[in-house]
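This report describes selected features of one protein model. Please keep the sequence and the structure in view while reading.

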Amino acid sequence: MNGSSGQRNQETIARFRTDPPEIRAIVSTEAGSEGVNLQIANVLINFDLPWNPMIVEQRIGRVQRLGSQHKNVIIYNVMLAGTFEEYIVGRLMTKLQMATDAIGDIESLLEASGVGDGEEGAGFDEKIRELVVAALAGRDMKAAAERIARSIEAAKKTLEEEKENIEQTLGSPDGYGYVGPQTPTLERFRPSMELEPFVRAAFEKLGGAISDIAPGVLRVASKGGPELVRLKEDAGPEYAKVPLYRAGSPAFLRLIDRVTASGLHAVQDIDHEPRQRIDELVDEWVSGFKGVKSEVIIQSAQRRFEGNAVARVRATTAHDSYERIVTITCNPVEHTQPAAALDAMPDLLQQPAAAGLSPRLILDEACRDPNIVEFNRFYLERRDAELRSAGKDARKRKKLEDEFTPQVDTALVALDGRVSRRVNLKVKYQLDGASYESDLGITPSEGRIDTAPALEPCALTRLEVPADCLAVCELSGVRALKHRLARSEVSGRYGLPEHLLRCSLSGKSILVDEGGMSDITNAVVDRTLLKTCAITGKKGEPAYFGQCAFTRTDVLSERLGKSEVSDKPYRLDQEASSVVSGKRGHAREFVRCQETKRALLPREAERCAKTGKIVAPDVLQPCAVTGKRVLPSELRTSSVSGKRVLAENLVASSLSDAVFLDEEGIRSAYGKFCAPIEAKRCQWSGAATHPDDLKTCALLGLSVHFQYLSDHSRRLQPVEELLAGRRRSMDVRDRWEDILPSVSSAVNTKRCQIESGQLSPDGQKLALAVEVKSLLGLRTQHAAMLYSLKDNAILGNIAIVKRDRRGGFR
């Protein structure tokens, strides 16, 4: 056996499997290590010992597999004595196989020993290669080989200890049976024919003429020339080279292939002269209601098969295969296929469908064979068990999926039965002087009409006729022959002739309930042609109507106008006119002022800049600040200037309800506003000030802006500095003499003099620091005051203090 002789390989295996076998040994290349079933053998000799232990296991799997009749399988490894192959490869492989026999899992053993880290035993392969290279280089490989051997022994011991621990924890399996997938129970092959009758019948089926020329030797004459057939091994020495036909022999297998591929089946066509039989059945059916046949048209036909089909079913996995010959009973109701008219069956039946057979049903039924189901069941359960042990290793799971999933192939071998037809046809005939046609379904072989319209009475002729020749008057309910009734040319409905009218517009015949009266001409018109005025509701012919271009409704022409805006027709009941230009048109061409509700054209309208509302142009007013034209309701009036502005341009007084422009009000230091009339004067600066910003000076008791007060003492800062002597301003000195009398009077002594003076920001007031002496000039004090240059009077209180040496006073 080799990889390039497929047919010869199969013949070799067949001869090896015969009982007794024709050959007792097969010499094979590596091609024999996969894809073949050799469980008939019980000895395997590895002539070239692979360095990869997984390849050795694969070879063993060809022999030691499901279906083997041998209790033990013997494995021999052949190698050259006295070479590194014997010392390294042979000893290590033998030790590995012995350990595997004890443990039962070579992959676990390789992994535990640390020499199988590569894919599928490649790690062990690499270790051996390294030892061989070391041997060729003259290095000592004995120690390395012994280390590998020890690692295998250690791995074996470790796995045995783990097995013992599991048994102690979960209990020993002793006394328990096998818990894996149940071994399939397959039916033993029982030939349906003896060998010699089968060979004779097969050659006769192939067209050969058979004659006996010696005991156990036949002569077969066929188109390809005569040939000899030997049925016995001991037919005589003169016939020793004649091909032997026995179970499994190459000649016998070739004969089986010729028979199964020939298409010669025992199929009987039971339709004799089907066309003549169809005509007879049709004549009988038509004459039954006093009709006259004129023509028969065959529309379709189906061939139906009834009998048995023999199929060859083969289930295959990567490690095993199983084949069965299955007989399937075929029901003609299920096995029906389209056929070309009434063609006869071909002499050579090459396609099963030509006999009406359904290949899909044959395949489904063949796959339900109990033996095939049992074989598939075993390997599917085995696959599930292997997948569970594979864990999450995706590569290994995919490989197991491919190896243990059965693939089923089916081939039709023979047919034994009969073929009949079912024909669907159209019959044309004359009835009561009119032409009619009906559809029939006929089975010629049974002389039976399967489907035909029922016979029912005609109310007008009192004849029993096919139901598809009758029609119902839509108005009276009378059921009669179609040609006896009138038919609407518009709807195709039937009615009695007295129920028929003619449309004055189209000239077509219509039934009474399909017509209507025109409100304009009083003529009868097909209802589907009448139009209805959307304004008045009147119905009439289309010629009296037009269409509104804006609503797409039909309106009487006298109720339509022409738009002065777009020149389009419009319905007058929806007319509108512009209050600006006076133009007329449809209401949809105009907009409404949202303030006055008056109609105007879009180009005549103006849009509020604030709300976006469309209004008439005389409605909007401008904002005094932004100039935007807005609705009057969007403007507010300033309480100060009376200007009309948008609300967002106004600020509100924090003291009242007054609103005004920002620049018209008085702003406080904290962002509050008040109207000018609500403001107070700062008695130091004279500026108009928001009341919230005024505070009372602790020295003079005057209301001044808080910015002029000291942060902590709340005193008017210029007065405080003058009084403490830290400021020596000499403002308006030329008027001090005029002011001094008033000052003397105020401090009630003439022994005083003005020491310094500070002019206010508005130039109307003068802050004075006055030196005052008393007790005969022994006590000196200082007075501070605010003098109004305009009124020549002292404002507020006078502060009299005594300075200290730290630049302050008390």
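## Salt bridges

In this predicted model, Glu 323 is partly exposed, with a relative accessible area of 33%. The side chain of Glu 323 meets that of Arg 314 in a salt bridge, with 3.4 Å from N to O. Arg 314 is partly exposed as well, at a relative accessible area of 35%.

A second salt bridge brings together the side chains of Glu 606 and Arg 629, at 2.8 Å from N to O. Glu 606 belongs to strand S33 (residues 606-607) and Arg 629 to strand S36, so this pair ties together parts that are 23 residues apart in sequence. Glu 606 counts as partly exposed at 22% relative accessibility; because buried means under 20% relative accessible area, Glu 606 does not count as buried. Arg 629 is partly exposed, with a value of 34%. Elsewhere, salt bridges with shared partners join Arg 422, Glu 446, Arg 448 and Asp 450 into one network.

Arg 15 forms a further salt bridge with Glu 22, and their closest N and O atoms are 3.1 Å apart. Both residues are partly exposed: Arg 15 has a relative accessible area of 32%, and Glu 22 has one of 33%. The count of salt bridges comes to 44.

## A hairpin of two strands

Strand S7 (residues 292-316) and strand S8 (residues 321-330) are paired in the antiparallel sense over ten bridges. The two strands, S7 and S8, form a hairpin, with four residues between them.

## An open sheet of three strands

Strands of a sheet pair through backbone hydrogen bonds, either parallel or antiparallel. In which order do the three strands of the open sheet stand? The order is S3-S4-S5, and the pairing is antiparallel. Strand S3 (209-214) and strand S5 (227-230) stand at the edges; each has a single partner strand, so one side of each is left without a neighbour in the sheet. On average, and with direction ignored, neighbouring strands of this sheet are turned by 30° against each other.

Strand S4 (residues 217-221) pairs with S5 over four bridges, in the antiparallel sense. Within this pairing, Val 217 has Arg 230 in S5 as its bridge partner. Helix H7 (residues 195-205) lies across S3, S4 and S5, and runs at about 140° to S3.

## A nonpolar surface patch

Val 43, Ile 45, Phe 47, Ile 74, Tyr 76 and Val 78 make a nonpolar surface patch of about 580 Å². Strand S1 (43-46) and strand S2 (74-77) each supply at least two residues of this patch. Val 43 is found in strand S1 and is partly exposed, with a relative accessible area of 38%.

## A covered helix

How many of the eight residues of helix H13 are buried? Helix H13 (residues 717-724) is mostly covered, with seven of its eight residues buried. The buried residues of H13 are Pro 718, Val 719, Glu 720, Glu 721, Leu 722, Leu 723 and Ala 724. Their cover includes strand S47 (752-759), strand S48 (765-774), strand S49 (779-788) and strand S50 (793-801). Just after H13, Gly 725 takes a positive phi of about 80°.

## Two loop residues

Val 490 lies in the loop between strand S17 (486-487) and strand S18 (494-495). At 37% relative accessibility, Val 490 counts as partly exposed. Not counting residues up to four places away in sequence, Val 490 touches Lys 508, Ser 509, Ile 510 and Asp 526.

Ala 624 is found in the loop between strand S35 (621-622) and strand S36 (629-630). Leaving aside neighbours within four places in sequence, Ala 624 is in contact with Lys 643, Arg 644 and Val 645. The C-alpha atoms of Ala 624 and Leu 646 are separated by 8.2 Å, while the two residues are 22 residues apart along the chain.

## The protein as a whole

The protein contains 14 helices and 50 strands. Of its 810 residues, 38% count as buried. The accessible surface of the protein comes to about 45,500 Å², and 49% of this belongs to carbon and sulfur atoms. Among contacts with a separation of 6 or more, 44% are accounted for by residues 24 or more positions apart.

Terms used
Residues are numbered from 1 along each chain as its sequence is written. This is a predicted model: local features need pLDDT of at least 70, side-chain atom pairs count only at pLDDT 80 or more; totals for chains, interfaces and linings use all residues. Side-chain values use heavy atoms; hydrogens and water are left out. Two strands pair if DSSP finds at least two bridges between them. Axes are lines fitted to C-alpha atoms, for helices over the stretch in contact, and angles run from 0 to 180 degrees between N-to-C directions. Contact means heavy atoms within 4.5 Å. Patches are made of residues with over 30% relative accessible area and no salt bridge: like charges are joined within 9 Å, nonpolar side chains (Val, Leu, Ile, Met, Phe, Trp, Tyr) within 5 Å. Accessible areas come from the Shrake-Rupley method with a 1.4 Å probe; for residues, only the protein chains shown count as cover. A salt bridge is a side-chain nitrogen of Lys or Arg within 4 Å of a carboxyl oxygen of Asp or Glu. Buried means under 20% relative accessible area, exposed over 50%, partly exposed in between (1.4 Å probe, protein chains only).
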